[in-house]
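Please look at the sequence and the model shown here. A short report on them is given below.

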Amino acid sequence: MIGIIASMEEELNYIKESMEDVKIKNINNTDYVIGNLHGKDVVVVRCFTGKVYMALTAQKLIDNFDLDLIINCGVAGGLKDGMHIGDVVLATNAIQSDMDVRGLGYEIGQVPDIEIKDFKQYEKINETAKEFVQNYDFKVYFGNIMTADKFVSSKEDKEYLIEQFDGYCTDMETASLGEVCYVNKINFAGIRGISDSADEGANTDFRENLKKASDNCAILLCDIIKAM
Ligand code: ADE
């Protein structure tokens, strides 16, 4: 079974509308939407915003369902020059940009104890996508997804993520899921639609483009699931 998690309902609407044989299972006040997505058994759950919410929701998902893979989808702030609203980023790695234990000798982004910085994308996702990414009216990028408990909305913060990590986009959950999946030995994938440019206009852009960026991300995700 494949788990799909996003922080906001808007990020999940297209996916839920594409599902068949839908059942809702409520476990300890969390609704899990179970069904068939293009021939695959999936369970969809909303986690709310930030790394802690992602981690706790992902662990509950893992504890209650038999999963081979969990995918985080949704929107993100674009970091690369030339990126447009509605473009989509498939993670190569997801990195926590706010994990900073350099004071104890770790590399920026590196999680102590497990000593990992880059949470790797399940390769089959990107291999599958490469067959048809040119078919869309939006561009698909493959690169690092950055995660922090921060809504990035300044040129200065944006440049830091580009220079320090070669970030392609920034969000508030993906690398947290990467860590949870790593610890639980479950395949992980992150895919994000660009809602804003993580600069001074991000607040307005995010609100205006939430649906378009969410839907483009979900369209690509559904096509990958169909082709996998
Ligand atoms: N999600 C969408 N846009 C974002 C931004 N600019 N920073 C963090 N998370 C985001």
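This is a predicted model: local features need pLDDT of at least 70, side-chain atom pairs count only at pLDDT 80 or more; totals for chains, interfaces and linings use all residues.

Residues are numbered from 1 along each chain as its sequence is written, and side-chain values use heavy atoms, with hydrogens and water left out.

**Strand β5**

Buried means under 20% relative accessible area, exposed over 50%, and partly exposed in between (1.4 Å probe, protein chains only). Strands (E, at least two residues) and helices (H or I, at least four) are DSSP runs numbered from the N terminus. Two strands pair if DSSP finds at least two bridges between them.

| Partner of β5 | Sense | Bridges |
|---|---|---|
| β1 (residues 2–6) | parallel | four |
| β10 (residues 187–196) | parallel | nine |
| β9 (residues 167–171) | antiparallel | two |

Towards β10, Asn 72 lies opposite Gly 190, and towards β9, Gly 78 lies opposite Cys 169.

**Surface patch**

Val 52 belongs to helix α2 (residues 51–64) and counts as exposed because its relative accessibility is 61%. Together with Phe 48, Tyr 53 and Leu 56, Val 52 forms a nonpolar surface patch with about 390 Å² of accessible area. Patches are made of residues with over 30% relative accessible area and no salt bridge; like charges are joined within 9 Å and nonpolar side chains (Val, Leu, Ile, Met, Phe, Trp, Tyr) within 5 Å. A salt bridge is a side-chain nitrogen of Lys or Arg within 4 Å of a carboxyl oxygen of Asp or Glu. Accessible areas come from the Shrake-Rupley method with a 1.4 Å probe, and for residues only the protein chains shown count as cover.
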